[in-house]
2 protein chains.
Amino acid sequence: MLNMIDMAQLQFSEVVQAAARIKGVAHRTPVLTSRTADRLTGAQLFFKCENFQRSGAFKFRGAYNALSKFTDAQRRAGVLTYSSGNHAQAIALSASLLGMAAAIIMPHDAPALKVAATKGYGAEVIVYDRYTENREEIGRRLAQQRGMTLIPPYDHPDVICGQGTAVMELIDEVGQLDALLVCLGGGGLLAGSALAAAALSPGCRIIGVEPEAGNDGQQSLRSGAVVHIAVPDTIADGAMVTHLGAHNFAVIERAVDDIVTVSDAQLVAAMQFFAERMKMMVEPTGCLGAAAALNGVVPVEGKRVGIVVSGGNVDLARFARLVA
Amino acid sequence: MLNMIDMAQLQFSEVVQAAARIKGVAHRTPVLTSRTADRLTGAQLFFKCENFQRSGAFKFRGAYNALSKFTDAQRRAGVLTYSSGNHAQAIALSASLLGMAAAIIMPHDAPALKVAATKGYGAEVIVYDRYTENREEIGRRLAQQRGMTLIPPYDHPDVICGQGTAVMELIDEVGQLDALLVCLGGGGLLAGSALAAAALSPGCRIIGVEPEAGNDGQQSLRSGAVVHIAVPDTIADGAMVTHLGAHNFAVIERAVDDIVTVSDAQLVAAMQFFAERMKMMVEPTGCLGAAAALNGVVPVEGKRVGIVVSGGNVDLARFARLVA
């Protein structure tokens, strides 16, 4: 683990190195635009579609980056992680591509599609109760028992830098941005995106978007220290985390301008917009950024705004229930 | 109208001219790939995603190409068309962008989303009964009464050449193809695609895919003359046409290698695949090409195969009913 001084030193150059590692393995996802969204907001919105990423979410970038740095000894022992879903699939797929074993600790109420996909990639799934058990403790114990390397879902420099490659590609494709809206759960995507945007589009306002019910990130940024909350009750299952990671907060504190929140109803409306007007399936967590723009939570009029659509892993039955 | 000799002379150079006309107005849609689809078929599949096109389908290409060639006098009088849906929206949007009036003759049972979107673009909608009335006759009569120019949904050189730009972009992006699978209704997309593929990827096998219930195209290609059938009963509402267009058949006869069919159940399975694995909404008609590949209707193993995903305009309620 890095100490506080190392944390403060996470650099954009490490995002560039991550981009080289994942090149040809991760998809370079498309950037879509919508005249309707632009008309509704008065802005120019650029949606970086990580729902089309391998394993259905941006998480593959960070997972593959981290695992591709393993030593031979680490590869032989395999990787361990805990995740509510998308990071689980990303680690399982990355491990399978790199020929190593993977054990994933998943909450008992994780979406069925995410559990099935994780097993489908050949990983071992270990279930825990997210309301009564501590996954980080279970992870540490199992890692020690099995000699596996723990790659947590967001609180890790290699994960953060891997996630930053999405916004690197976005700015490379569309040019300078006035603002960037990024989904916020544990802070892997937001921290990585902030490293990339600060370097490639200086002056771009970097904004994290959380579910209303779980605004620990907003509280943390305002108070200057990581705030812990109870497991939030939200449809954004990818953002049901209780606190930011330490590495993540170190970057977020210095590089992120603001953190805002949206309601579950606003997330559903954004899901409907994506489905009806942009013909794509976005999971609730992936709608956070778009919901903030479409509902005027962040003023975007007249601006060029990047929005990271983080993932599309939502059971069809649940999707149908939410949008139809 | 062109005579038979003109029909036989439709050239790829006219597709190139269409590409110049729609540049910067139509989206250059992304080409997506899926390792799962490749694993299931043993092929390398390239999906040209026209569901992300403006107005939700490839139809915008042909409509905008045709309307942008209007004389000043034609623009002042406006455009008229008949369409089960996607061409209607495409004409309505193109007319609105070019500042002309549009009147659209739509069947009484057209999907609600398509009717609403057409009206949303400012067009006048005129309803007819597709089982008892002849839309071509209604169109000719109204065009005469109002002095408007009729741009039919597929049987028109400018429409065909506009539709061809999608496959032009596809081959430009991914290179040579061994086979190309294209949805077939009236033949606008297939004829245009054939012009582009024959010129840009010589030797590529060009295959049209129809719904089982409406195999008039297959019968026509095999018999050497346009075969008329009753309105087919299929979930592929964009392919509920009774016969190929004359201009379309002239191109299809000389440039298309085969026409195959898929069942409605295979279309539903392809829709589910697109939603679950590729996170996108594709309307039933847009699934024709993918259904042929995924079900082995066309042998694709070991081949590089282009698949045109023609559109994504499906009511959310209907989508939910079909896939969830």
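Helix H10(A) supplies three residues to the lining of the largest cavity, the largest share of that lining. This is a predicted model, in which local features need pLDDT of at least 70 and side-chain atom pairs count only at pLDDT 80 or more, while totals for chains, interfaces and linings use all residues. Residues are numbered from 1 along each chain as its sequence is written, chains are lettered from A and ligands numbered from 1 in the order in which they are written, and side-chain values use heavy atoms, with hydrogens and water left out.

**The cavity**

- One cavity of 30 Å³ or more is counted, where a cavity is a set of points, on a 1 Å grid over the protein atoms alone, at which a 1.4 Å probe fits but cannot get out.
- The largest cavity holds about 270 Å³ of space; a volume here is the space filled by probe spheres set on the points, which are joined across faces, edges and corners.
- Its lining has 24 residues, and Phe58(A), Lys59(A), Gly185(A), Gly186(A) and Gly238(A) are the closest to the centre; lining residues have an atom within 4 Å of a point.
- Two elements of chain A give two or more residues to this lining: helix H6 (86-97) and helix H10 (188-200).
- By type, the lining residues are eight nonpolar, twelve polar and four charged; Ala, Val, Leu, Ile, Met, Phe, Trp, Tyr, Cys and Pro count as nonpolar, Asp, Glu, Lys and Arg as charged, and the others, Gly among them, as polar.

**Chain A as a whole**

- Chain A has 15 helices and ten strands, taken as DSSP runs (H or I, at least four residues, for helices; E, at least two, for strands) and numbered from the N terminus.
- The C-alpha trace of chain A spans about 55 × 45 × 40 Å along its principal axes.
- Of the 324 residues in chain A, 64% are buried, meaning under 20% relative accessible area (1.4 Å probe, protein chains only).
- Among contacts in chain A with a separation of 6 or more, 73% join residues 24 or more positions apart; a contact means heavy atoms within 4.5 Å.

**Two residues with positive phi in chain B**

- Most residues other than glycine have a negative phi.
- Ser55(B), not a glycine, has a positive phi of about 65 degrees, and sits in the loop between strand E2 (44-49) and helix H4 (59-67) of chain B.
- Ser55(B) counts as buried, at 9% relative accessibility.
- Lys279(B) also has a positive phi, near 60 degrees, in the loop between helix H14 (264-278) and helix H15 (288-294) of chain B.
- Lys279(B) counts as buried at 4% relative accessibility.

Notes:
1 Å grid on protein atoms, 1.4 Å probe; cavity = no way out; pocket = protein on both sides within 12 Å on 5 of 7 lines; lining within 4 Å. Buried < 20%, exposed > 50% of the residue type's maximum accessible area, 1.4 Å probe, protein only.
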